[in-house]
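Trainee: I would like a close look at a single part of this model, with some idea of the chain around it.

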Amino acid sequence: MLISYEWLKSLVPLGVNVEEFALRMMMAGFNHESTAAVGDDFCVDLEITSNRPDCLGHIGLAREAAVVFGSQLKLPAAAPKSGAAKVGDITKLRVDCPELCPRYVARVIRGVKVGPSPAWLVRRLTTIGQPTVNNVVDITNYVLMETGQPLHAFDLAKLHGRQIVVREAKPGEKFDAINHKTYTLDAGMCVIADADRPVAVGGVMGGVDSEVSQATTELLIESAAFDPLSIRTTSRKLGLRSDSSYRFERGVDIENADWVSRRCCELILEVCGGELAEGALDVAASRSPREAVTLRSSQIKRIVGIEVPMPEVRRILGSLGLKENAVADDRITVNPPSWRRDLEREIDLIEEVARIHGYDKIPEDVGVPMARSARTDEDRVLAKVRQVLTACGFDEALTISVVDEGLSQSFSPWTDAAPLALQMPILERADKLRRSLVPSLLKARRENEAVGNRTIELFETAKVYLPQTGELPQEDLMLGLTSGGGDGAFYRVKGVLEALLAALAPAARFEVRDLTKKHDLLAIGRACELALDGEVVGVLGEVGAAALKKFELREPAIVAELKLAALLKAAVLVPRYAPTPAYPAMERDINLVVDEKVRWSDLAATVRACGGALVESFDLKGQPYRDEKRIGPGKKSLVVTLTLRSSERTLTNTEADDLRTRVVEECAKRHGATLRA
Amino acid sequence: MSLDAFIADLDALVADATSKFAAAADAAALEAARVEFLGAKSGKLKDAQKGLGAVGKDDKPAAGKKFNEVKQAIEAAFAAAQDRSTSGEGVAATGPAFDPSQPGTRHRLGHLHPLTQTIEELKDIMGRLGFTVAHGPEIEDERHNFEALNIPKAHPARDPLENFYLAVAGKVHGASVQGSGLNANPEPRTPNPELLLRSQTSTVQIRVMEAQQPPVRIISLGRVYRPDDADATHYPMFHQIEGLLIDKHVTMADLKSTLRLFAGSYFGGEVHIRFRPSFFPFTEPSVEVDMQWNDRWIEMGGAGMVDPNVLRAVGYDPEQVSGFAFGLGVERVCARRHQVTDIREFYRNDVRFLEQF
């Protein structure tokens, strides 16, 4: 809300400079946005929160300033002199839709002289950035900015049948607005019509046919209240927002409509001449009286934390315009003024008392009791995940949860159901809630490639959104990652995931499985599912050539996604001590030559089965070796390192060699493995 | 042999050995020198020991003492030469030279996103102040995002254009072309069409209060969504952190004091808190919170006392309990701390940006 400081001071005497004024008003709840000098005056921008439509005019803010600075509000008389002619003899008013228009006040002035506005009026409107049109229109704008109540002046001679009918618009009805555009109206919109056609969209915009021009001599002045929700819908549908619709949306003081009408007529008579017809046409829906509100003084201390003495409470409430209804030692019952629709409950009064008394009086050093606070398991697991991944050289990315159709369709490992969609996109074309983090990470990968970054190792922990029949969609926390491809890259990333598992759930069985579902994103035969204790919890693979092209990636890439809920379930957050081994371990290497089709997991199962308890661990040493001449076509040689240990004694060389021999024989029998010399 | 002659021979031997050891250019030369002087069978020291027998009987103790000193001196000279050899010192310039100034084999560490670092630090501070983290869904129903938060149907905050509502099942365009399996894709069924991406993390507070009796002392945090055009200070997705304390006798003084501890812990040093009246549907009184730091007032976020309607909506009795809530935007806190001038940087995920934190 832009105010003229000079104008404001004409309504309330203030002995402070504009900086002091702005600061004190800010501390009373009117956030100071800016102050600009305009001639001898200042234009001060104060933010009005949505609960205070009464302050969307100079009088409202002057009233607050009077309370803040202990001054007196000086209101204009709003007592125009009227002539002999009665308004009811000149025009007629009918309201067909009291739910859309709960009050309509019409007055008529005849014999006005439309022309330029006087200097004082132009100056005040200019200070607050309002354009000037002619004296009549300027006065309606002026009174709007003074009172917060929008007004409209019709050229009475242009109203067919010289009458006003307030009604709901007919669907498809056309309306020619003051901005020379034609709008198609809808049911639910409130129109101000004459005998034949709409002449204004109530509270939103006037019509071009009935606007006040140089030739106008007869005026019908409208001061009305409209339903806030209907105004909001209407102005949004029509794409018309105005100072008027802004105020009607927030609610005007319905009781004040007649006073404002008189104030407007008073100024028109003063500036434009003419004669006011006697009386007003005033149609109002019946309103139930507002209830009185009681404030218990104990509640101020209970909520605000400080005592406010009863005389101070009475002073504050009284100065804000609340009328005392009953007063006792420990409580006060008041009737809020009509302009304060926001004051309905005891808590509303507590806020008013505290706000004016001053929040600076609340101490900032009371002893808040201590309380226990435990880190959640989820936080512990996430901290570990971040620790391992950053240690492994991955940077953490944060990508937006909503993706476009192309990204959404590129990869969906967890569901075949169509993605949830928003009614409007969040950014550009992104309107699908993502079902995987991987496409977003690949997009980030491309953007990094585009700026010439070579090392692009990214991970993200975030939710995916899976449609489900039930109450809310399923939100699963995932770990997504992407790494550069190339030689050994798959095993490097797999090793990162293995390190993560070792850090969080060392005893859990982590294994790969063949894909059970085709993914267009992944390279055929170079991707797998990841299982934890027998349950599929992730996917890992190289990005296929077609997908690389689709994502416009120049370099090969690896992606993985892992359900963090599964990790959380398997995680051992408080490891239990196991005695360290008392006897030394022995190592034995076995260099086995097998067919290409034999997998490490096959050999591992055999080693595990036949090695028994003495095999503490076993691992693949180096990478498989292939050489057609030396070991034959279709063959690979694998060096398996066995670590052997007994918990009861030191193993002998003979025992170790025997066990090694048994493993070799078993691998020969089951997998056709031969020992490489 | 006279004692003097014996001693002179020994002194000559020490000098000879020391210079030969020092001159050895590599390990082989040093070994040859070792055999020459310290060899067990025919080393020069061994020969010298034989001369001990030829010394007169009276001179024997002095000769023995001298011999032992010489033996130790030669052995020490050898050990020193050996040390130099293994440490590379003194090795001839033609061999490979150890260069400690060469760059180390650097291991690349990853970096946590600055927003994560900020969230973790704020969480950590609130944890020390006795607030426990609570999580909730990002897709919410109207009850938790609005109604229970005292935002009635007619409130402008519920306007479809001010929120990211989910499309109703059947209106989801592109559904029929989704996926590659053999099965026709089932339409997502949304039993409650009035679902939306949460516009604030206060939704979590409602869920916690619905499930738990007071006292409640939590912080909720995470992603929230509002239809703002992306610019240097806005992004349609951002992160919020919100605190809630409900108990008997909780006042605005507790709120102010808690925020002072919180701000002082994060920024370090003595800070002061200022409340400016404001308006939020779910708190009353509502305030904007500023903190004074380095003689400037800096906006922190919004706060207030939980509105009695909110307490009632979760089944609490506002006559029995009261509470405060506060919230701040993580992006703003993080951007200010690290002097990030455009919050869109947070979501570009440029490695050159991420590496800075």
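How many helices and strands does chain B have, and what does strand 4 of chain B pair with?

Mentor: Keep in mind that this is a predicted model. Chain B has 11 helices and nine strands. Its C-alpha trace spans about 125 × 60 × 40 Å along the principal axes. The radius of gyration of chain B is 41 Å, whereas a compact globule of 357 residues would have one near 21 Å. Of those 357 residues, 40% count as buried.

Now to the part you asked about. Strand 4 of chain B covers residues 216–225, and nine of its 10 residues are buried. Strand 4 pairs with strand 1 of chain B, residues 132–134, in the parallel sense, over three bridges. There, B:Ala134 has B:Ser220 of strand 4 as its bridge partner. Strand 4 also pairs with strand 5 of chain B, residues 237–247, but in the antiparallel sense and over 10 bridges.

For a helix, take B:Ala263, which is found in helix 8 of chain B, residues 252–267. B:Ala263 counts as buried because 23 other C-beta atoms lie within 10 Å, and the cut-off is 20 or more. Beyond its neighbours within four places in sequence, B:Ala263 is in contact with B:Val271, B:Ile273, B:Met291 and B:Met300. B:Trp293 is 30 residues from B:Ala263 along the chain, and their C-alpha atoms are separated by 9.3 Å.

Note on methods
Residues numbered from 1 in each chain as written. Chains lettered and ligands numbered in written order. Predicted model: local features only at pLDDT ≥ 70, side-chain atom pairs only at ≥ 80, totals over all residues. Helix = DSSP H or I, 4+ residues; strand = E, 2+ residues; numbered from the N terminus. Rg over C-alpha atoms; globule rule 2.2 N^0.38 Å. Buried ≥ 20, exposed ≤ 12 C-beta atoms within 10 Å, placed from the backbone. Contact = placed C-beta atoms within 7 Å. Pairing = 2+ DSSP bridges.
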